[in-house]
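Biologist: I have some questions about the terms used for this model. Please put it on the screen before we start.

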Amino acid sequence: MSGHAAAPGLFDPMVLRGLELSHRGWVAAMCQYSADAVNAPGVPNDWHLMHLGSFAAGGAALIITEATAVSPEGRISPQDTGLYTPEQVGAWRRITDFVHRHSAVDTKIGVQLAHAGRKASTYPPFAAGRGSVPVDDGGWQTVGPTAEAFGRYAAPAALDEAGIRQVIADFAQAAERAVEAGFDTIEIHAAHGYLLHQFLTPLVNTRTDGWGGSEEARNRLTLEVIDAVRAVIPDSMPLLLRISATDWMPGGLDEHSSARLAAEAGRRGVDLVDVSTGGAVPAAAIPVAPGYQTGFAESIRADAGIPTAAVGLIRSAAEAEETLRGGRADAVLIGRAALSDPHWWLHAAEELDVKLPWAPQYERARPA
């Protein structure tokens, strides 16, 4: 899958299983920490409708929601969204219907299913509190592969066999709810130091049972989650996997171990790997810069033989186009730039002189 001059560009269409995407510029998952933790825990609301709907009107081909917990204890914060109750299903259905009805380019929407593990039960970044939320302030006991804490966060309880099996079941049940809620695709979140990543990396997973002790055993939970989700969603629905390709630490995950995981994930029914990095341990020094993760998307794409999406400070249309035309990834995910400009894709089409169909309400915004 090496790059070549004829590689598709940003506004070329893409097909994943039965899902037709109008182009290759997507919205990255971005936590909003905006659910009502007291009156409607885990339920997306008008903020989420506006936030995600703006990207549909702005020309995104695919929107990935924020990390959406598969269980109450899987939430990063008490203000996170979830997919573990019927009320949450109904609220998400309102949003998926809205996106499908009011998009500029037949926008599709996917949900990122997640469990935060030992990084759960934390205060949102814009709250007065910092670190772990105490139980008497709405927090809960977290879980992880071991009882070792993430930095100064509260120590988790080590999952036993029954707890691990429950996590797998929770992902599968959330996937069924995602189908009911009208999502077009599902992304399994195995990155950024959350529970699946905690099991994947030797920096955190020091177990010596069947869920740790070797690369195969550390990969087992993520792969069994993939199997469980794939088994309950339609064959026509694509399945995505977000990974941290490197821990940026000696002895941690790197592009080679991540490529092996990606290849096996592909054999089990994952259609595209969303390649991010970092998050497993607080001490890692990450060299953040424009496009700093793109090389990992390129190497995993080549070594694992699976489509990838690049993410991480891709800000301009030119950067996105160059990444795709260079064969480094099959799609790009836009995050901060989309928050700054929810019509990023319409403006990118102008920059690249592509005749992207605008919503008629925006015709007057075209340059004279």
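Modeller: Start with strand E10, which is covered on both faces: Leu-272, Asp-274 and Ser-276 on one side and Val-273 and Val-275 on the other are all buried. This is a predicted model, in which local features need pLDDT of at least 70 and side-chain atom pairs count only at pLDDT 80 or more, while totals for chains, interfaces and linings use all residues. Residues are numbered from 1 along each chain as its sequence is written, and side-chain values use heavy atoms, with hydrogens and water left out.

Biologist: What makes E10 largely enclosed by the rest of the structure?

Modeller: Buried means under 20% relative accessible area, against over 50% for exposed and partly exposed in between (1.4 Å probe, protein chains only). Five of the five residues of E10 (residues 272-276) are buried, so the strand is largely enclosed. Helices (H or I, at least four residues) and strands (E, at least two) are DSSP runs, numbered from the N terminus.

Biologist: Which residues of E11 point each way, and are they buried or exposed?

Modeller: Thr-308 and Ala-310 point one way, Ala-309 and Val-311 the other, and all are buried. In a regular strand the side chains alternate between the two faces of the sheet.

Biologist: How do you know that E10 pairs with E9 and with E11?

Modeller: Two strands pair if DSSP finds at least two bridges between them. Five bridges join E9 (residues 239-244) to E10, and three join E10 to E11 (residues 308-311). Both pairings run parallel. Val-275 of E10 stands opposite Ile-243, and its bridge partner in E11 is Ala-310. Asp-274 stands opposite Ala-309 in E11.

Biologist: What is the hand of the unit made by E10, H7 and E11?

Modeller: Right-handed, with H7 covering residues 294-304. The term applies if, with the strands pointing away from the viewer, the path from the first strand over the helix to the second runs clockwise. The crossover from E11 through H8 to E12 is right-handed, as is the one from E9 through H6 (residues 255-267) to E10.

Biologist: Why are H8 and H10 called roughly perpendicular?

Modeller: The axes of H8 (residues 317-325) and H10 (residues 344-351) come within 9 Å and cross at roughly 75°. Angles of 65 to 115 degrees count as roughly perpendicular, under 35 as roughly parallel, over 145 as roughly antiparallel and the rest as oblique. H8 and H10 are therefore roughly perpendicular to each other.

Biologist: Which residues make the contact between H8 and H10?

Modeller: Contact means heavy atoms within 4.5 Å. Ala-317, Ala-318 and Ala-320 of H8 make it with Trp-344, Ala-348 and Glu-351 of H10.

Technical notes. Axes fitted to C-alpha atoms, helices over the stretch in contact; angles between N-to-C directions.
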